[in-house]
Amino acid sequence: MIAQRFINGMHARFREAASSRGTVLYIHGLGDSGLCLEGIMAHPLLNGFSHLAADLPGYGKSPWPDKPLSIPMYADLLAQWISSPEVPLDVAQVILVGHSMGGVIGTVLCERHPEKVRAFINVEGNISLQDCTFSCTIAAHSLDDFIERGFTSFRDDIYKKGLSERALRIYHAGLLMCDPRSIHFNSRELVELSESEELEARLGSLKIPVFYVWGSPGGTAEHSRSLLRTQGVPLVPVHESGHWPFINRPDAFAERIIEIAGALRA
């Protein structure tokens with residue numbers, strides 16, 4: 001069963017294992033929330049792990065900040081947050097799983113606070129500009145224009161596409177709770193970082209074990225995967241899954257987590 005409550009200003013979902021092999025800490029993506037992660041957190045193949053996911057400020061059920069938080073600010077906040085005594089799980093052995101923008105936040109967290117994390121699984125995180133499907137659309141608007149009409153148009157488009165794609169139906173629910181200032185600010189950050197094509201080198205230089213999980217087809221761009229290969233980052237595919245492999249192929253995704261955890265033990 002997944003429990004929910006507010007912890008130090010952020011809404012959190014958590015599930016504690018009776019005999020834990022460690023804690024999986026999830027970071028959701030742009031416009032999303034921990035809602036999209038509930039299915040994988042409850043997956044029976046992952047019963048041996050405890051699970052923890054927070055809605056970032058400005059997203060999901062967490063309060064909207066007075067000013068949007070940057071990606072480095074999210075990384076520092078999460079590192080501080082998991083060390084809080086109010087966090088309900090033992091986070092001594094953390095496997096960090098970051099999806100999409102969460103993969104970028106996770107990269108920064110592991111750079112700045114490597115002692116907090118045992119291993120990092122970047123799931124469909126932005127690497128090059130070709131990965132910025134939603135963030136490019138959002139960042140093309142001025143802030144005023146996005147608040148006035150762009151956000152509504154973006155949500156409506158996701159709603160229509162979600163009629164035939166379950167992951168987008170869940171994503172639309174997250175968008176309804178999202179602070180438009182935060183998603184616009186973070187979109188511009190993602191576009192700038194991805195355009196620089198520096199994220200693959202930063203990921204490859206981390207001092208902890210790193211794995212990049214991508215959904216095929218329709219997920220991370222081939223150009224981004226080639227950049228990751230040049231850095232020696234292990235690529236782990238989940239076939240027939242697209243951008244949300246943990247929603248579209250939860251069994252296969254859970255198997256990848258088990259395989260990675262086994263490699264860490266070895």
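A pocket is an open set of grid points with protein on both sides within 12 Å along at least five of seven lines. In this predicted model, the largest pocket has a volume of about 450 Å³. Its lining comprises 26 residues, and those nearest the centre of the pocket are D131, T133, F134, H243 and W244. Two elements, α4 (133–139) and α6 (166–175), each give two or more residues to this lining. The greatest contribution comes from α4, which supplies 3 residues. By class, the lining of the largest pocket divides into 14 polar, 7 nonpolar and 5 charged residues.

The structure holds 1 cavity of 30 Å³ or more, and about 30 Å³ of space lies in the largest cavity. The residues lining the largest cavity are G103, V104, T107, N122, G125, N126, I127, L199 and L203. The elements that provide two or more of these residues are α3 (101–112) and α8 (199–204). Of the elements, α3 gives the most to the lining, with 3 residues.

The packing of two helices was then considered. Helix α2 (residues 71–82) packs against helix α7 (residues 180–196) at an angle of about 105°, and the two axes are 10 Å apart. Angles of 65 to 115 degrees count as roughly perpendicular, and α2 and α7 are therefore roughly perpendicular to each other. On the α2 side, the contact involves I71, P72 and Y74, which meet S182, N186, E189, L190 and L193 of α7. This contact of α2 with α7 has 5 nonpolar, 2 polar and 1 charged residues.

Helix α7 also contains H184. Because buried means under 20% relative accessible area, H184, at 5% relative accessibility, counts as buried. Apart from neighbours within four places in sequence, H184 is in contact with I138, H141, S142, L143 and F146. Between H184 and Q130 there are 54 residues of separation in sequence, and the C-alpha to C-alpha distance is 18 Å. S33 is located in the loop between β3 (23–27) and α1 (38–41). When neighbours within four places in sequence are left aside, the contacts of S33 are H28, D55, G60, G174 and M177.

Several features of the backbone were also identified. Most residues other than glycine have a negative phi, and most peptide bonds are trans. Against this background, E124 has a positive phi of about 60° although it is not a glycine. E124 is placed in the loop between β6 (119–123) and α4, and at 4% relative accessibility E124 counts as buried. A positive phi, near 50°, is also found at E197, again a residue other than glycine. E197 lies in the loop between α7 and α8. With a relative accessible area of 31%, E197 is partly exposed. Finally, the peptide bond from S216 to P217 is cis, with omega near -5°. P217 is situated in the loop between β7 (210–216) and α9 (222–230).

Definitions and conventions
Residues are numbered from 1 along each chain as its sequence is written. This is a predicted model: local features need pLDDT of at least 70, side-chain atom pairs count only at pLDDT 80 or more; totals for chains, interfaces and linings use all residues. Side-chain values use heavy atoms; hydrogens and water are left out. On a 1 Å grid over the protein atoms alone, a cavity is a set of points where a 1.4 Å probe fits but cannot get out, and a pocket is an open set with protein on both sides within 12 Å along at least five of seven lines; lining residues have an atom within 4 Å of a point. Grid points are joined across faces, edges and corners, and a volume is the space filled by probe spheres set on the points. Helices (H or I, at least four residues) and strands (E, at least two) are DSSP runs, numbered from the N terminus. Contact means heavy atoms within 4.5 Å. Axes are lines fitted to C-alpha atoms, for helices over the stretch in contact, and angles run from 0 to 180 degrees between N-to-C directions. Angles under 35 degrees count as roughly parallel, over 145 as roughly antiparallel, 65 to 115 as roughly perpendicular and the rest as oblique. Ala, Val, Leu, Ile, Met, Phe, Trp, Tyr, Cys and Pro count as nonpolar, Asp, Glu, Lys and Arg as charged, and the others, Gly among them, as polar. Buried means under 20% relative accessible area, exposed over 50%, partly exposed in between (1.4 Å probe, protein chains only).
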